[in-house]
Amino acid sequence: MKTSARAALALAVLSGALWASPAQAAENDRDTTPATWAHRAEISYDSLQRHLYQGPQEHGLYLEKTPRKAEENPHSYLWPLREAAAATVDMSELPRVGARYDRDAAERFATLRLYFNPRDGRPGYDSYLPAPLGQGGDVFYDDNAVVGLTFLDQYRATGKKAYLERAAETFDVVGRGWDDDPTKTCPGGLHWVDSPANYMRAANVTGLSAQLAAELYAIERDERYLASAKKWYEWNWSCLRRSPGLYDNSRDDDGTVNKTLWTYNSGAMIGTATTLYQATGDRSYLKRAVEDANGSLDYWKQGERLHDQPAIFNAFYFDNLRILDEVRPDRAYRQTAAAYAEQTWKNNRTPSDGLFRFQPSGGGDHAPDAPAETLHQSAMIQIFAGLATDPS
């Protein structure tokens, strides 16, 4: 079974209330400098390490949440650990202070490898630690895709080929999730989980895997990466795109469409299209990326939509808007991220321990009695660090 957080996210309901106006967002952006965002990232990282990191004596693992209940697993699932790794890479890239996090980043990737299961020809990163540290779990292809993307982040940060090789390995894992049954409605798409019981082809795994393939192609220039990136990207565009920047969650094998919208599905398609443009020079991909960015912002900035999205999904979204901003700058991208980050810092952080607490969905208003989670604490670190390193 997937994490309790994943189950809660699947039940989350979007609501509508007041969101910061563009003028308010711009004011927040002026008042909060990159140095301030860096300081907030450092404070939030320190809180993550103090309250959720289990230390070298526990193999560098993390708790899923704190306080931990007796019946819960002793360590986090794969997804939160991946986000802690991504947050640590971001910390290592902070101006002036980044080098002090290099050792932590290297440890995160050694710990990630503890989740890898080389099982009988179908290897992959299990949702939970395999024996001897845990009972193992299924291979969720979306988790494996984001693990691969994080290996690429660390490769770009360090230049060490081992990280590139790990990313290529995860490409092979997610690639076997492609559905080749021509009789299904909208044939194709990537399965959510490596299981005979899988019944859906999902926007998240297909878009994130397309992004992994596109980034690998940009580095390696291997045509198989380009072919996969295009095929997977086009399936999401053709089979799940509701309107510019908005992608339905999934298609079931019986043709049913789950119409839930998530910010990270918007983000993955923006990031993939931007990377394909950079790698191929095909301006149609840049046009699509801009169209999806504008359409998604028009939607997500309405009411409380961004506020109610899981923090980790917003971290993906803002990261991909930054990728586009580097190619085709638009102040709206940073202003939107800054407005959300400012609101969350003020309203969702518990000052006594520095941890962020949300509703069970992972988003929404502060829940002071809720456990704090590695997943969403890491998300806020990523968002703050991204604003700190944004040159715009």
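Visitor: In which loop is Pro 132 found?
Guide: This is a predicted model, in which local features need pLDDT of at least 70 and side-chain atom pairs count only at pLDDT 80 or more, while totals for chains, interfaces and linings use all residues. Residues are numbered from 1 along each chain as its sequence is written, and side-chain values use heavy atoms, with hydrogens and water left out. Helices (H or I, at least four residues) and strands (E, at least two) are DSSP runs, numbered from the N terminus. On that numbering, Pro 132 is found in the loop between strand 3 (124-125) and helix 6 (141-158).

Visitor: What is omega for the peptide bond from Ala 131 to Pro 132?
Guide: Most residues other than glycine have a negative phi, and most peptide bonds are trans. The bond from Ala 131 to Pro 132 is cis, with omega near 10°.

Visitor: Why does Cys 186 count as partly exposed?
Guide: Cys 186 lies in the loop between helix 7 (161-175) and strand 4 (200-202), and has a positive phi of about 55° although it is not a glycine. Cys 186 counts as partly exposed because its relative accessibility is 22%.

Visitor: Is Gly 245 buried or exposed, and with which residues is it in contact, leaving aside neighbours within four places in sequence?
Guide: Gly 245 lies in the loop between strand 5 (241-243) and strand 6 (246-247), and counts as buried because its relative accessibility is 0%. The C-alpha atoms of Gly 245 and Thr 263, 18 residues apart along the chain, are separated by 9.2 Å. With contact meaning heavy atoms within 4.5 Å, and those sequence neighbours left aside, Gly 245 is in contact with Ser 266, Asp 292 and Ser 296.

Visitor: How far apart are the end C-alpha atoms of helix 11?
Guide: Helix 11 (residues 283-300) includes Asp 292 and Ser 296 among its buried residues. The expected span of a helix is 1.5 Å times one less than its number of residues. The 18 residues of helix 11 should therefore span 26 Å, and this agrees with its end C-alpha atoms, which are 25 Å apart.

Visitor: Which elements do the buried residues of helix 3 pack against?
Guide: Helix 3 (residues 34-51) reaches 26 Å from its first C-alpha to its last, close to the 26 Å expected. Its buried residues include Trp 37, Tyr 45 and Leu 48. The buried residues of helix 3 pack against helix 4 (78-92), helix 5 (102-112), helix 14 (331-347), strand 10 (355-356) and helix 15 (374-389).

Visitor: How many helices and strands does the protein chain have, and what percentage of its residues count as buried?
Guide: The protein chain has 15 helices and 11 strands. Its C-alpha atoms fill a box of roughly 55 × 50 × 40 Å, taken along the principal axes. Of the 392 residues of the protein chain, the share that count as buried is 61%.

Terms used
Buried means under 20% relative accessible area, exposed over 50%, partly exposed in between (1.4 Å probe, protein chains only).
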